[in-house]
Amino acid sequence: MIIAVDGPAASGKGTLASGLARHYGLPHLDTGLLYRAVGLASAAAVDGPDLEPTAIAAARSLDAGQLTDLDALTAAETGVLASKVAVIAEVRAALFDFQRNFALQPGGAVLDGRDIGTKICPDADAKLFIQADSKARMERRARQLEARGVAVDRYALFHQIEERDARDMLNPNGGFYPAPDAHLLDTTLMGIEAALRAAIAVVETAL
Ligand code: C5P
């Protein structure tokens, strides 16, 4: 069973994907971490003429060891770097096999990202597209960061999220739109438990 969970920044898709993975006993891949790792590895070249070749080389040589420093990977600035390398078609192509192989392991998997239902696993058994109002998403992300002791400028965070969403939605190579067979789930007014129950209900009907 393959479950695809897509949605914008801080929509709760990661929390829902890991909840679904626990519920169904499946492995989970947060595909944003791959783009974040490539973004970090290309940080010195960002906004310069060498970004493209640097990011392509970083994506082609990415290994699982680069996915462990969660503090650096999940920083808000790393999300912005990730969205800048994610527009490069060769970067996306270089990360395709890793994601596809993860999805095709025996027994199945849960993957979350932007293009899982449209490009990585168009054949997924269940597809969710998570939505939430951008202020609610900013507040959730702010609380996550504060819980880890990170000081948050809410105004700056809101703009970072909006900027990232715009770049992701306009990314011509991105595939960031609901697949025709995706189920839309708006979690703006839902707590984590309610959202997970709703997500499980969607998966159950899709199976
Ligand atoms: O999901 P997360 O917010 O961690 O993703 C960081 C960035 O990586 C996104 O803003 C997007 O630009 C890129 N991304 C992508 N395709 C995916 C996952 C993430 O383009 N499947």
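**Figure 1. Helices H3 and H6 side by side.** In this predicted model, helix H3 (residues 51-60) packs against helix H6 (residues 89-103) at an angle of about 0°, and their axes are 8 Å apart. Helices here are DSSP runs of H or I with at least four residues, strands are runs of E with at least two, and both are numbered from the N terminus. An axis is a line fitted to C-alpha atoms, for helices over the stretch in contact, and angles between N-to-C directions run from 0 to 180 degrees. H3 and H6 are therefore roughly parallel to each other. (Angles under 35 degrees count as roughly parallel, over 145 as roughly antiparallel, 65 to 115 as roughly perpendicular, and the rest as oblique.) Look for Ala 55, Ile 56, Ala 59 and Arg 60 on H3, which make the contact with Glu 90, Val 91, Ala 94 and Leu 95 on H6. Contact here means that the C-beta atoms of two residues, placed from the backbone, lie within 7 Å. Sorted by class, the contact of H3 with H6 has six nonpolar residues, two charged ones and no polar ones. For these classes, Ala, Val, Leu, Ile, Met, Phe, Trp, Tyr, Cys and Pro are nonpolar, Asp, Glu, Lys and Arg are charged, and the others, Gly among them, are polar.

A word on reading these views: residues are numbered from 1 along each chain as its sequence is written. Because the model is predicted, local features need pLDDT of at least 70 and side-chain atom pairs count only at pLDDT 80 or more, while totals for chains, interfaces and linings use all residues.

**Figure 2. Helices H2 and H5 crossing.** Here the axes of H2 and H5 come within 7 Å and cross at roughly 90°. The two helices, H2 and H5, are therefore roughly perpendicular to each other. On the H2 side you will find Gly 32, Tyr 35, Arg 36, Val 38, Gly 39 and Leu 40, and these meet Thr 78, Gly 79, Leu 81, Ala 82, Lys 84 and Val 85 in H5. By class, this contact of H2 with H5 has six nonpolar, four polar and two charged residues.

**Figure 3. The shell around the ligand.** Of the 15 residues around the ligand, Gly 32, Tyr 35, Ser 83, Ala 86 and Gly 113 come nearest. (A residue is near a molecule or strand if its C-beta atom, placed from the backbone, lies within 6 Å of it.) Helix H2 (32-41), helix H5 (76-85) and helix H9 (154-170) are the elements that give two or more residues to this shell. The shell residues divide into four nonpolar, six polar and five charged.

Figure 4. An unreviewed UniProt entry places the feature "binding site" at Gly 7, Pro 8, Ala 9, Ala 10, Ser 11, Gly 12, Lys 13, Gly 14 and Thr 15. UniProt positions follow the numbering used here, feature names are shortened, and annotations may be inferred rather than shown by experiment. Pro 8 sits in the loop between strand S1 (2-6) and helix H1 (13-24). Pro 8 counts as buried because it has 20 C-beta neighbours inside 10 Å. (Buried means 20 or more other C-beta atoms within 10 Å of a residue's own, exposed means 12 or fewer, and partly exposed lies in between, with C-beta atoms placed from the backbone.) Not counting residues up to four places away in sequence, Pro 8 touches Arg 137, Asp 165 and Asp 168. Ala 9 is in the loop between S1 and H1 too, and it is buried, with 23 other C-beta atoms within 10 Å. Beyond its neighbours within four places in sequence, Ala 9 is in contact with Gly 79, Arg 137, Ile 161, Arg 164 and Asp 165. Ala 10 lies in the loop between S1 and H1 as well; it is a residue other than glycine with a positive phi, near 60°. Ala 10 is buried, with 24 other C-beta atoms within 10 Å.

**Figure 5. Ala 109 in strand S3.** Ala 109 belongs to strand S3 (residues 109-113) and counts as buried, with 24 C-beta neighbours inside 10 Å. Ala 109 and Pro 27 are 82 residues apart in sequence, yet their C-alpha atoms are 5.1 Å apart in space.

**Figure 6. Asp 47 in the loop between H2 and H3.** Asp 47 lies in the loop between H2 and H3 and has a positive phi of about 65° although it is not a glycine. Asp 47 is exposed, with 7 other C-beta atoms within 10 Å.
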